[in-house]
Amino acid sequence: MQSSTILPSMEISDRAKSIPPSITLAISAKVKEMKAAGKKVIAFGAGEPDFATHQKICDAAIDSLKSGATHYMPSAGTPEARGAIANKLRTENNIDCTQANISINAGAKMSINLALMSILDAGKNQEVVVPTPAWVSYKPMIELAGGSMVEVPTTVDSQFKCSPEELEAAITPNTKAIMLNTPSNPCGTMYTPEELRAIATMLERHPDVYILSDEIYERLIYSDIEHLSLGSIPQIAGQVITINGLSKAFAMTGWRIGYVCAPENVVKAMNTLQSQINTSITSFCYAAIPIALEMNDEVESMRQIFAKRAALMFERIQKWPNVECAQPTGAFYTFPKISYYFGKTSPAGTEITNAVSFAGALLEETKIAVVPGDDFGGCGPDHIRLSFACSEEQITEGVTKIGDWLAKF
Ligand SMILES: Cc1ncc(COP(=O)(O)O)c(C=O)c1O
(Lines give C-alpha, C1' and ligand atoms only; values in the text may rest on other atoms or scores of the structure.)
Protein backbone atom coordinates (compact mmCIF):
# COMPACT_ATOMS: atom_id res chain seq x y z
CA MET A 1 0.00 0.00 0.00
CA GLN A 2 1.15 3.56 -0.75
CA SER A 3 2.19 5.75 2.17
CA SER A 4 -0.44 8.35 3.14
CA THR A 5 2.25 11.06 2.92
CA ILE A 6 2.32 10.82 -0.91
CA LEU A 7 0.11 13.61 -2.31
CA PRO A 8 -2.33 12.97 -5.14
CA SER A 9 -1.17 14.72 -8.33
CA MET A 10 -2.89 17.19 -10.67
CA GLU A 11 -2.07 18.24 -14.24
CA ILE A 12 1.24 20.08 -14.89
CA SER A 13 1.87 22.68 -17.63
CA ASP A 14 2.55 21.93 -21.29
CA ARG A 15 5.74 23.97 -20.88
CA ALA A 16 7.05 21.69 -18.15
CA LYS A 17 5.99 18.61 -20.12
CA SER A 18 7.78 19.84 -23.27
CA ILE A 19 11.22 19.63 -21.63
CA PRO A 20 12.64 16.12 -21.96
CA PRO A 21 14.71 14.67 -19.13
CA SER A 22 18.36 14.20 -20.02
CA ILE A 23 19.34 10.73 -21.33
CA THR A 24 22.58 11.04 -19.40
CA LEU A 25 20.65 10.96 -16.13
CA ALA A 26 19.97 7.27 -16.69
CA ILE A 27 23.72 6.58 -16.82
CA SER A 28 24.34 8.72 -13.70
CA ALA A 29 21.59 6.86 -11.84
CA LYS A 30 23.12 3.51 -12.85
CA VAL A 31 26.58 4.67 -11.67
CA LYS A 32 25.16 5.68 -8.29
CA GLU A 33 23.38 2.34 -7.98
CA MET A 34 26.58 0.42 -8.80
CA LYS A 35 28.65 2.48 -6.35
CA ALA A 36 26.04 1.97 -3.62
CA ALA A 37 26.31 -1.78 -4.26
CA GLY A 38 30.04 -1.49 -3.50
CA LYS A 39 31.27 -1.75 -7.11
CA LYS A 40 34.28 0.29 -8.23
CA VAL A 41 33.23 2.50 -11.13
CA ILE A 42 35.53 4.83 -13.09
CA ALA A 43 33.35 7.78 -14.08
CA PHE A 44 34.23 10.06 -16.99
CA GLY A 45 30.96 11.95 -16.77
CA ALA A 46 31.88 14.90 -14.56
CA GLY A 47 31.01 18.35 -15.84
CA GLU A 48 32.91 20.12 -13.10
CA PRO A 49 36.52 20.47 -11.89
CA ASP A 50 37.54 17.85 -9.33
CA PHE A 51 39.33 20.53 -7.26
CA ALA A 52 38.11 22.30 -4.14
CA THR A 53 37.43 26.04 -4.25
CA HIS A 54 40.54 27.88 -3.02
CA GLN A 55 40.47 28.65 0.71
CA LYS A 56 40.96 32.41 0.13
CA ILE A 57 37.74 32.50 -1.90
CA CYS A 58 35.88 30.53 0.79
CA ASP A 59 37.25 32.83 3.50
CA ALA A 60 35.96 35.92 1.69
CA ALA A 61 32.42 34.50 1.72
CA ILE A 62 32.71 33.27 5.33
CA ASP A 63 33.95 36.70 6.50
CA SER A 64 31.13 38.39 4.61
CA LEU A 65 28.57 36.06 6.20
CA LYS A 66 30.05 36.64 9.67
CA SER A 67 30.03 40.40 9.18
CA GLY A 68 26.28 40.35 8.55
CA ALA A 69 25.79 40.14 4.76
CA THR A 70 22.60 38.16 5.28
CA HIS A 71 20.03 40.53 3.81
CA TYR A 72 18.53 41.17 0.36
CA MET A 73 21.03 42.54 -2.13
CA PRO A 74 20.70 44.68 -5.29
CA SER A 75 19.40 42.52 -8.17
CA ALA A 76 22.21 43.54 -10.51
CA GLY A 77 24.83 42.59 -7.90
CA THR A 78 26.98 44.72 -5.59
CA PRO A 79 28.93 47.60 -7.22
CA GLU A 80 32.21 46.03 -5.96
CA ALA A 81 31.51 42.67 -7.61
CA ARG A 82 30.22 44.20 -10.85
CA GLY A 83 33.20 46.57 -10.90
CA ALA A 84 35.63 43.66 -10.45
CA ILE A 85 33.98 41.76 -13.33
CA ALA A 86 34.00 44.82 -15.61
CA ASN A 87 37.67 45.35 -14.78
CA LYS A 88 38.47 41.69 -15.58
CA LEU A 89 36.63 41.93 -18.92
CA ARG A 90 38.40 45.18 -19.85
CA THR A 91 41.90 44.03 -18.92
CA GLU A 92 41.81 40.32 -19.80
CA ASN A 93 39.24 40.22 -22.61
CA ASN A 94 39.59 43.73 -24.13
CA ILE A 95 35.85 44.31 -23.85
CA ASP A 96 35.11 48.00 -23.53
CA CYS A 97 32.58 47.92 -20.68
CA THR A 98 31.65 49.40 -17.32
CA GLN A 99 29.77 47.89 -14.41
CA ALA A 100 26.54 49.16 -16.01
CA ASN A 101 27.06 46.42 -18.62
CA ILE A 102 27.29 43.63 -16.01
CA SER A 103 24.57 41.45 -14.52
CA ILE A 104 25.49 38.79 -11.94
CA ASN A 105 23.27 35.71 -11.86
CA ALA A 106 22.89 32.31 -10.21
CA GLY A 107 25.37 30.48 -12.44
CA ALA A 108 26.07 30.99 -16.15
CA LYS A 109 23.02 28.80 -16.77
CA MET A 110 20.80 31.47 -15.22
CA SER A 111 22.72 34.16 -17.14
CA ILE A 112 21.86 32.43 -20.42
CA ASN A 113 18.23 31.93 -19.37
CA LEU A 114 17.81 35.59 -18.44
CA ALA A 115 19.60 36.80 -21.58
CA LEU A 116 17.36 34.66 -23.80
CA MET A 117 14.24 35.79 -21.95
CA SER A 118 15.36 39.40 -22.47
CA ILE A 119 15.80 39.15 -26.24
CA LEU A 120 13.24 36.54 -27.40
CA ASP A 121 9.48 36.87 -27.77
CA ALA A 122 7.19 33.84 -27.63
CA GLY A 123 4.80 33.32 -30.54
CA LYS A 124 6.89 35.23 -33.11
CA ASN A 125 8.76 32.27 -34.66
CA GLN A 126 12.07 33.59 -33.44
CA GLU A 127 15.08 31.41 -34.08
CA VAL A 128 18.43 30.97 -32.37
CA VAL A 129 21.18 29.46 -34.51
CA VAL A 130 23.45 27.03 -32.65
CA PRO A 131 26.34 24.98 -34.04
CA THR A 132 25.91 21.41 -32.80
CA PRO A 133 26.93 19.27 -30.95
CA ALA A 134 26.24 21.81 -28.22
CA TRP A 135 25.71 21.88 -24.47
CA VAL A 136 22.48 20.02 -23.64
CA SER A 137 20.79 22.95 -21.88
CA TYR A 138 20.82 25.37 -24.85
CA LYS A 139 17.80 23.86 -26.59
CA PRO A 140 15.49 23.72 -23.55
CA MET A 141 16.57 27.21 -22.50
CA ILE A 142 15.85 28.64 -25.97
CA GLU A 143 12.48 26.89 -26.08
CA LEU A 144 11.49 27.99 -22.55
CA ALA A 145 12.21 31.59 -23.63
CA GLY A 146 9.80 31.14 -26.55
CA GLY A 147 12.27 30.62 -29.42
CA SER A 148 13.32 27.62 -31.46
CA MET A 149 16.82 26.28 -32.00
CA VAL A 150 18.19 26.01 -35.54
CA GLU A 151 21.12 23.61 -35.67
CA VAL A 152 24.22 24.08 -37.80
CA PRO A 153 25.69 20.58 -37.71
CA THR A 154 29.45 20.20 -37.52
CA THR A 155 31.68 17.11 -37.65
CA VAL A 156 34.85 15.77 -36.08
CA ASP A 157 36.71 16.55 -39.35
CA SER A 158 36.32 20.30 -38.74
CA GLN A 159 37.00 19.87 -35.01
CA PHE A 160 33.27 20.55 -34.60
CA LYS A 161 33.64 24.14 -35.81
CA CYS A 162 31.49 25.78 -38.45
CA SER A 163 32.47 28.42 -40.97
CA PRO A 164 30.97 31.91 -41.26
CA GLU A 165 29.33 30.73 -44.52
CA GLU A 166 27.62 27.81 -42.77
CA LEU A 167 26.38 30.08 -39.98
CA GLU A 168 25.20 32.72 -42.45
CA ALA A 169 23.29 30.11 -44.47
CA ALA A 170 21.23 29.37 -41.33
CA ILE A 171 20.29 33.03 -40.78
CA THR A 172 16.72 33.92 -41.85
CA PRO A 173 14.54 36.99 -41.20
CA ASN A 174 13.39 35.11 -38.06
CA THR A 175 16.90 34.79 -36.62
CA LYS A 176 17.20 36.65 -33.35
CA ALA A 177 20.54 35.32 -32.14
CA ILE A 178 23.46 32.98 -32.69
CA MET A 179 24.91 31.05 -29.76
CA LEU A 180 28.58 30.18 -29.86
CA ASN A 181 30.44 28.28 -27.16
CA THR A 182 34.22 28.36 -27.33
CA PRO A 183 35.96 26.35 -25.90
CA SER A 184 33.13 23.88 -26.33
CA ASN A 185 31.21 21.51 -24.13
CA PRO A 186 30.94 18.69 -25.28
CA CYS A 187 33.47 18.90 -28.13
CA GLY A 188 36.59 20.04 -26.23
CA THR A 189 37.72 22.18 -29.16
CA MET A 190 37.86 25.93 -29.71
CA TYR A 191 37.78 28.54 -32.46
CA THR A 192 40.98 30.39 -33.36
CA PRO A 193 41.00 34.21 -33.20
CA GLU A 194 41.09 34.28 -37.04
CA GLU A 195 38.01 32.07 -37.26
CA LEU A 196 36.17 34.28 -34.77
CA ARG A 197 37.18 37.45 -36.63
CA ALA A 198 35.78 35.93 -39.83
CA ILE A 199 32.51 35.15 -38.01
CA ALA A 200 32.46 38.75 -36.72
CA THR A 201 32.86 40.08 -40.28
CA MET A 202 29.86 37.98 -41.32
CA LEU A 203 27.86 39.26 -38.32
CA GLU A 204 28.50 42.85 -39.37
CA ARG A 205 26.19 42.11 -42.31
CA HIS A 206 23.44 41.12 -39.82
CA PRO A 207 23.27 43.99 -37.31
CA ASP A 208 19.87 42.82 -35.98
CA VAL A 209 21.24 39.45 -34.87
CA TYR A 210 22.56 39.10 -31.33
CA ILE A 211 25.46 36.78 -30.61
CA LEU A 212 25.54 35.00 -27.27
CA SER A 213 29.16 34.14 -26.70
CA ASP A 214 29.45 31.47 -23.99
CA GLU A 215 33.03 31.78 -22.73
CA ILE A 216 32.67 29.79 -19.50
CA TYR A 217 35.70 27.60 -20.40
CA GLU A 218 37.95 30.49 -21.59
CA ARG A 219 40.65 29.85 -18.95
CA LEU A 220 40.91 26.11 -19.60
CA ILE A 221 42.85 25.95 -22.88
CA TYR A 222 45.62 23.55 -23.87
CA SER A 223 47.19 24.54 -27.16
CA ASP A 224 48.74 27.68 -28.61
CA ILE A 225 45.30 28.86 -29.74
CA GLU A 226 44.44 32.03 -27.83
CA HIS A 227 40.95 32.73 -26.59
CA LEU A 228 39.36 35.76 -28.24
CA SER A 229 36.21 37.39 -26.87
CA LEU A 230 33.83 38.39 -29.66
CA GLY A 231 32.81 41.36 -27.49
CA SER A 232 36.29 42.83 -27.99
CA ILE A 233 35.65 43.36 -31.73
CA PRO A 234 34.33 46.96 -31.92
CA GLN A 235 32.34 46.49 -35.16
CA ILE A 236 29.99 43.94 -33.51
CA ALA A 237 30.35 44.89 -29.80
CA GLY A 238 26.72 46.14 -29.67
CA GLN A 239 25.46 42.72 -30.80
CA VAL A 240 27.45 40.62 -28.34
CA ILE A 241 26.16 39.19 -25.06
CA THR A 242 29.17 37.67 -23.31
CA ILE A 243 28.38 34.83 -20.92
CA ASN A 244 30.89 33.76 -18.28
CA GLY A 245 31.07 32.77 -14.65
CA LEU A 246 33.19 31.42 -11.84
CA SER A 247 32.04 27.79 -11.96
CA LYS A 248 34.67 26.17 -14.17
CA ALA A 249 37.83 28.31 -13.95
CA PHE A 250 37.73 28.68 -10.17
CA ALA A 251 36.22 25.29 -9.25
CA MET A 252 33.09 27.00 -7.89
CA THR A 253 30.24 25.07 -9.52
CA GLY A 254 28.19 24.83 -6.32
CA TRP A 255 28.41 28.55 -5.58
CA ARG A 256 26.19 29.44 -8.57
CA ILE A 257 27.96 32.58 -9.79
CA GLY A 258 27.59 33.51 -13.43
CA TYR A 259 27.61 36.85 -15.21
CA VAL A 260 26.77 38.60 -18.43
CA CYS A 261 28.35 41.56 -20.17
CA ALA A 262 25.91 43.14 -22.63
CA PRO A 263 24.53 46.44 -23.92
CA GLU A 264 22.89 48.36 -21.09
CA ASN A 265 19.28 47.83 -22.21
CA VAL A 266 19.76 44.03 -22.21
CA VAL A 267 21.40 44.14 -18.78
CA LYS A 268 18.58 46.29 -17.39
CA ALA A 269 15.99 43.85 -18.74
CA MET A 270 17.90 40.92 -17.24
CA ASN A 271 18.11 42.63 -13.86
CA THR A 272 14.39 43.36 -13.86
CA LEU A 273 13.61 39.74 -14.73
CA GLN A 274 16.02 38.56 -12.05
CA SER A 275 14.40 40.87 -9.48
CA GLN A 276 11.09 39.08 -10.06
CA ILE A 277 12.47 35.55 -10.40
CA ASN A 278 15.12 35.10 -7.71
CA THR A 279 16.07 38.63 -6.53
CA SER A 280 19.84 38.10 -6.65
CA ILE A 281 22.55 35.54 -6.00
CA THR A 282 23.21 34.63 -2.36
CA SER A 283 24.25 37.75 -0.42
CA PHE A 284 27.58 36.59 1.01
CA CYS A 285 28.83 35.15 -2.30
CA TYR A 286 29.38 38.62 -3.79
CA ALA A 287 32.45 39.21 -1.58
CA ALA A 288 34.13 36.15 -3.08
CA ILE A 289 33.96 37.46 -6.66
CA PRO A 290 36.72 40.13 -6.59
CA ILE A 291 38.96 37.71 -4.64
CA ALA A 292 38.46 34.86 -7.13
CA LEU A 293 39.06 37.08 -10.16
CA GLU A 294 42.51 38.00 -8.79
CA MET A 295 43.65 34.37 -8.46
CA ASN A 296 45.58 33.96 -11.68
CA ASP A 297 48.37 31.71 -10.36
CA GLU A 298 45.90 29.24 -8.88
CA VAL A 299 43.87 29.09 -12.11
CA GLU A 300 47.08 28.54 -14.06
CA SER A 301 48.14 25.63 -11.79
CA MET A 302 44.76 23.99 -12.34
CA ARG A 303 44.99 24.61 -16.10
CA GLN A 304 48.39 22.92 -16.21
CA ILE A 305 47.00 19.83 -14.47
CA PHE A 306 44.09 19.71 -16.94
CA ALA A 307 46.54 20.17 -19.85
CA LYS A 308 48.50 17.08 -18.75
CA ARG A 309 45.31 15.08 -18.44
CA ALA A 310 44.08 16.27 -21.85
CA ALA A 311 47.31 15.07 -23.46
CA LEU A 312 47.20 11.74 -21.61
CA MET A 313 43.58 11.05 -22.49
CA PHE A 314 44.06 11.98 -26.15
CA GLU A 315 47.20 9.84 -26.43
CA ARG A 316 45.33 6.81 -25.01
CA ILE A 317 42.15 7.32 -27.03
CA GLN A 318 44.19 7.40 -30.23
CA LYS A 319 45.06 3.77 -29.48
CA TRP A 320 41.38 2.74 -29.55
CA PRO A 321 40.60 0.73 -32.69
CA ASN A 322 38.28 2.34 -35.28
CA VAL A 323 37.61 5.52 -33.35
CA GLU A 324 38.14 9.10 -34.49
CA CYS A 325 38.89 11.81 -31.96
CA ALA A 326 39.66 15.53 -32.25
CA GLN A 327 42.53 16.75 -30.08
CA PRO A 328 41.13 18.44 -26.96
CA THR A 329 42.22 22.09 -27.01
CA GLY A 330 39.88 23.54 -24.38
CA ALA A 331 37.28 22.85 -21.65
CA PHE A 332 37.77 19.41 -20.04
CA TYR A 333 36.18 17.02 -22.50
CA THR A 334 37.05 14.66 -25.35
CA PHE A 335 34.35 13.63 -27.79
CA PRO A 336 35.40 10.49 -29.68
CA LYS A 337 33.34 9.09 -32.56
CA ILE A 338 32.36 5.51 -31.80
CA SER A 339 29.72 4.86 -34.48
CA TYR A 340 31.92 2.17 -36.12
CA TYR A 341 30.62 -0.13 -33.37
CA PHE A 342 26.92 0.37 -34.17
CA GLY A 343 25.41 -2.86 -35.52
CA LYS A 344 28.08 -4.93 -33.77
CA THR A 345 27.94 -7.09 -30.65
CA SER A 346 29.86 -6.22 -27.49
CA PRO A 347 32.31 -8.69 -25.88
CA ALA A 348 29.58 -9.83 -23.43
CA GLY A 349 26.95 -10.12 -26.16
CA THR A 350 25.03 -6.82 -26.13
CA GLU A 351 23.77 -5.56 -29.49
CA ILE A 352 25.13 -2.02 -29.93
CA THR A 353 22.62 0.12 -31.81
CA ASN A 354 23.55 3.66 -30.75
CA ALA A 355 25.69 5.68 -28.31
CA VAL A 356 23.24 5.02 -25.46
CA SER A 357 23.49 1.23 -25.81
CA PHE A 358 27.27 1.59 -26.31
CA ALA A 359 27.59 3.54 -23.02
CA GLY A 360 25.21 1.11 -21.26
CA ALA A 361 27.19 -1.97 -22.35
CA LEU A 362 30.50 -0.28 -21.50
CA LEU A 363 29.27 0.48 -17.99
CA GLU A 364 27.82 -2.99 -17.48
CA GLU A 365 30.86 -4.86 -18.82
CA THR A 366 33.83 -2.71 -17.71
CA LYS A 367 32.41 -0.52 -14.88
CA ILE A 368 33.40 2.61 -16.78
CA ALA A 369 30.90 5.45 -17.22
CA VAL A 370 30.88 7.81 -20.20
CA VAL A 371 28.19 10.17 -21.49
CA PRO A 372 26.41 9.11 -24.72
CA GLY A 373 26.42 12.03 -27.18
CA ASP A 374 22.72 11.86 -28.11
CA ASP A 375 21.61 14.85 -26.02
CA PHE A 376 24.14 17.20 -27.63
CA GLY A 377 22.52 17.30 -31.09
CA GLY A 378 24.08 17.22 -34.55
CA CYS A 379 26.51 14.31 -34.96
CA GLY A 380 26.41 13.83 -31.17
CA PRO A 381 24.61 10.46 -31.39
CA ASP A 382 27.74 9.04 -33.10
CA HIS A 383 29.94 10.09 -30.18
CA ILE A 384 30.55 9.66 -26.46
CA ARG A 385 31.85 12.36 -24.13
CA LEU A 386 34.64 11.70 -21.65
CA SER A 387 35.51 14.34 -19.09
CA PHE A 388 39.08 14.54 -17.83
CA ALA A 389 38.06 16.19 -14.58
CA CYS A 390 39.49 13.13 -12.79
CA SER A 391 42.92 11.81 -11.82
CA GLU A 392 45.68 10.71 -14.22
CA GLU A 393 45.49 7.24 -12.66
CA GLN A 394 41.79 7.01 -13.51
CA ILE A 395 42.47 8.20 -17.05
CA THR A 396 45.28 5.69 -17.58
CA GLU A 397 43.31 2.78 -16.15
CA GLY A 398 39.89 3.65 -17.57
CA VAL A 399 40.86 4.71 -21.08
CA THR A 400 43.18 1.70 -21.48
CA LYS A 401 40.39 -0.64 -20.33
CA ILE A 402 37.97 0.84 -22.87
CA GLY A 403 40.57 0.23 -25.61
CA ASP A 404 40.94 -3.42 -24.51
CA TRP A 405 37.13 -3.80 -24.50
CA LEU A 406 36.85 -2.35 -28.02
CA ALA A 407 39.58 -4.69 -29.28
CA LYS A 408 37.37 -7.66 -28.29
CA PHE A 409 34.35 -6.64 -30.43
C1 LIG B 1 28.89 25.43 -22.13
C2 LIG B 1 28.38 25.70 -20.76
N3 LIG B 1 27.83 26.90 -20.51
C4 LIG B 1 27.34 27.20 -19.30
C5 LIG B 1 27.38 26.28 -18.27
C6 LIG B 1 26.73 26.66 -16.95
O7 LIG B 1 27.62 26.91 -15.96
P8 LIG B 1 27.11 27.24 -14.47
O9 LIG B 1 27.46 26.07 -13.63
O10 LIG B 1 27.87 28.48 -14.08
O11 LIG B 1 25.65 27.49 -14.53
C12 LIG B 1 27.93 25.02 -18.48
C13 LIG B 1 27.93 23.99 -17.41
O14 LIG B 1 28.13 22.82 -17.61
C15 LIG B 1 28.46 24.72 -19.76
O16 LIG B 1 29.02 23.53 -20.02
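## Overall architecture

Buried residues make up 47% of the 409 residues in the protein; a residue is buried if 20 or more other C-beta atoms, placed from the backbone, lie within 10 Å of its own, exposed if 12 or fewer do, and partly exposed in between. The structure is a predicted model, in which local features need pLDDT of at least 70 and side-chain atom pairs count only at pLDDT 80 or more, while totals for chains, interfaces and linings use all residues. Residues are numbered from 1 along each chain as its sequence is written.

The protein has 13 helices and 12 strands, where helices (H or I, at least four residues) and strands (E, at least two) are DSSP runs numbered from the N terminus. The radius of gyration is 22 Å, close to the 22 Å that the globule rule gives for 409 residues, so the protein is as compact as a globular protein of that length. This radius is taken over C-alpha atoms, and the globule rule is 2.2 Å times the number of residues to the power 0.38. Along the principal axes, the C-alpha atoms fill a box of roughly 60 × 55 × 50 Å. Of the contacts between residues at least 6 apart in sequence, 74% join residues at least 24 apart; two residues are in contact if their C-beta atoms, placed from the backbone, lie within 7 Å.

## Domains and their contact

The domain assignment gives domain 1 (14-52 + 297-407) and domain 2 (71-294), with bounds that come from an automatic or database domain assignment. The C-alpha centres of domain 1 and domain 2 lie 26 Å apart.

In the contact between the domains, 33 residues of domain 1 meet 35 residues of domain 2. On the side of domain 1 that touches domain 2, helix 1 (14-18), helix 11 (296-317) and strand 9 each supply at least two residues. Helix 11 gives the largest share of that side, 6 residues. By residue class, the side of domain 1 that touches domain 2 holds 17 nonpolar, 9 polar and 7 charged residues. Here Ala, Val, Leu, Ile, Met, Phe, Trp, Tyr, Cys and Pro count as nonpolar, Asp, Glu, Lys and Arg as charged, and the others, Gly among them, as polar.

## Ligand surroundings

The ligand is surrounded by 13 residues, of which G107, A108, K109, N185 and S247 are the closest; a residue is near a molecule or strand if its C-beta atom, placed from the backbone, lies within 6 Å of it. Helix 5 (residues 107-119) gives the most to this shell, with 3 residues. The shell divides into 3 nonpolar, 8 polar and 2 charged residues.

Three-stranded pairing occurs in an open sheet of 3 strands in the order 9-12-11, with antiparallel pairing; two strands pair if DSSP finds at least two bridges between them. Strand 9 (333-334) and strand 11 (371-372) are the edge strands, each pairing on one side only. Strand 11 pairs with strand 12 (residues 384-387) in the antiparallel sense over 2 bridges, and V371 stands opposite R385 in strand 12.

Elsewhere, strand 2 (residues 102-105) is joined to strand 8 (residues 258-261) by 4 bridges, and the two run antiparallel. I102 stands opposite C261 in strand 8. From strand 2, I102 and I104 point one way and S103 and N105 the other way, and all are buried.

## Loop residues between strands 6 and 7

L230 is found in the loop between strand 6 (210-214) and strand 7 (240-245). L230 counts as buried, with 26 C-beta neighbours inside 10 Å. Not counting residues up to four places away in sequence, L230 touches L196, A200, I211, S213, I236 and V240.

Q239 lies in the loop between strand 6 and strand 7 and counts as buried, with 24 C-beta neighbours inside 10 Å. Beyond residues up to four places away in sequence, Q239 touches L203, P207, V209, Y210 and I211.

## Backbone features

Cis peptide bonds occur from T132 to P133, with omega near 5°, and between T182 and P183, with omega about -10°. P133 is in the loop between strand 3 (127-132) and helix 6 (138-144), whereas P183 lies in the loop between strand 5 (175-181) and helix 8 (193-204).

Phi of F160 is near 65°, a positive value in a residue other than glycine. F160 is found in the loop between strand 4 (148-153) and helix 7 (164-169), and counts as buried with 26 C-beta neighbours inside 10 Å. K367, also not a glycine, has a positive phi near 65°. K367 is in the loop between helix 12 (355-366) and strand 10 (368-369) and is partly exposed, with 17 other C-beta atoms within 10 Å.
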